[in-house]
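Have the viewer open and follow along.

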Amino acid sequence: MSGAGGTADFFYREAQRLGYVARSAFKVSAFLLTPLARTVCQLLPSHARSRLLCPSQLIQIQKQHKLIAPGAAVLDLGCAPGAWLQVACQNLGPLEKGGVIVGVDVKERGFSVILSDMCPVVSGITTKDAAISCELGMRALSLAVGKMKAKDSDCIAILEKFQSSTEPDPDEDGILRRGGSLVIKFLENEDIPGFGKFCKEKFKKVSLLRPKATRSSSREIFMVCEGLR
């Protein structure tokens, strides 16, 4: 087999044989290390050069540097179509090691369900704990729905109180799909009704639930939002 096309076909077939969704799992071939490759890269426009060099072959990187160890926590940015996720998963070791991989890509259509079980480390100061709980809830809500604009005055007050400077820009979309659902944990407090009003502007159905498994001494309550508009 010879020629660039033959080499590409070889890696494509190898990816299929090994069960990878794309041959990008093998990227950063020996070609990129040759004098000819360096000369070619120097002659290319900067944008074309970056496209050629960016897709690093995770298999080779892992083999040489062993970055992903059993039990590692990995974030893959630009993960589509998923070959790097597959390679990373194979290096996490057995399930009992507790490794995790998260992939994010602009080509993804978002999530059908977002679960936020975030809760502050309880200090015992009720007002402080409640405020942090609401801030965490607002972050989850903002991540899900994106555009945080309210019509009702009570909702506006809630947004101004708990929305931070790190929230998405008003023109950004959230990562929850239309029709999707969101669950947010709160510590019971007087601001929850305001959150509920705002969520009702964004979702078709909003309800509060205190699961039976919750300890009697706990102030945890869950807001269940269904059907993103």
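You'll find V104 in strand 2. Helices (H or I, at least four residues) and strands (E, at least two) are DSSP runs, numbered from the N terminus.

V104 also belongs to a nonpolar surface patch with L75, L77, V100 and V102, about 460 Å² of accessible area together. Strand 2 (100-104) and strand 1 (73-77) each put in at least two residues, with strand 2 giving the most, three. Patch members need over 30% relative accessible area and no salt bridge; nonpolar side chains (Val, Leu, Ile, Met, Phe, Trp, Tyr) are joined within 5 Å, while like charges are joined within 9 Å. A salt bridge here is a side-chain nitrogen of Lys or Arg within 4 Å of a carboxyl oxygen of Asp or Glu. Areas come from the Shrake-Rupley method with a 1.4 Å probe.

## Where the numbers come from

This is a predicted model: local features need pLDDT of at least 70, side-chain atom pairs count only at pLDDT 80 or more, and totals for chains, interfaces and linings use all residues. Residues are numbered from 1 along each chain as its sequence is written, and side-chain values use heavy atoms, leaving out hydrogens and water.

Four strands make an open, mixed sheet in the order 3-4-6-5; pairing takes at least two DSSP bridges. Strand 3 (111-116) and strand 5 (203-209) are the edges, each with a single partner strand, so one side of each has no neighbour in the sheet. Strand 4 (176-187) and strand 6 (220-228) pair antiparallel over six bridges, and L187 sits opposite E220 in strand 6.

## Helices on the sheet

Helix 6 (126-145) packs on the sheet, touching strands 3, 4, 5 and 6, at about 175° to strand 4. Helix 8 (192-202) lies across strands 4, 5 and 6, at about 155° to strand 5. Axes are fitted to C-alpha atoms, for helices over the stretch in contact, with angles from 0 to 180 degrees between N-to-C directions.

Beyond neighbours within four places in sequence, S133 contacts P120, K185, F186 and L187, contact meaning heavy atoms within 4.5 Å.

## The whole chain

In total there are eight helices and six strands. Of the 229 residues, 32% count as buried.

Note on methods:
Buried < 20%, exposed > 50% of the residue type's maximum accessible area, 1.4 Å probe, protein only.
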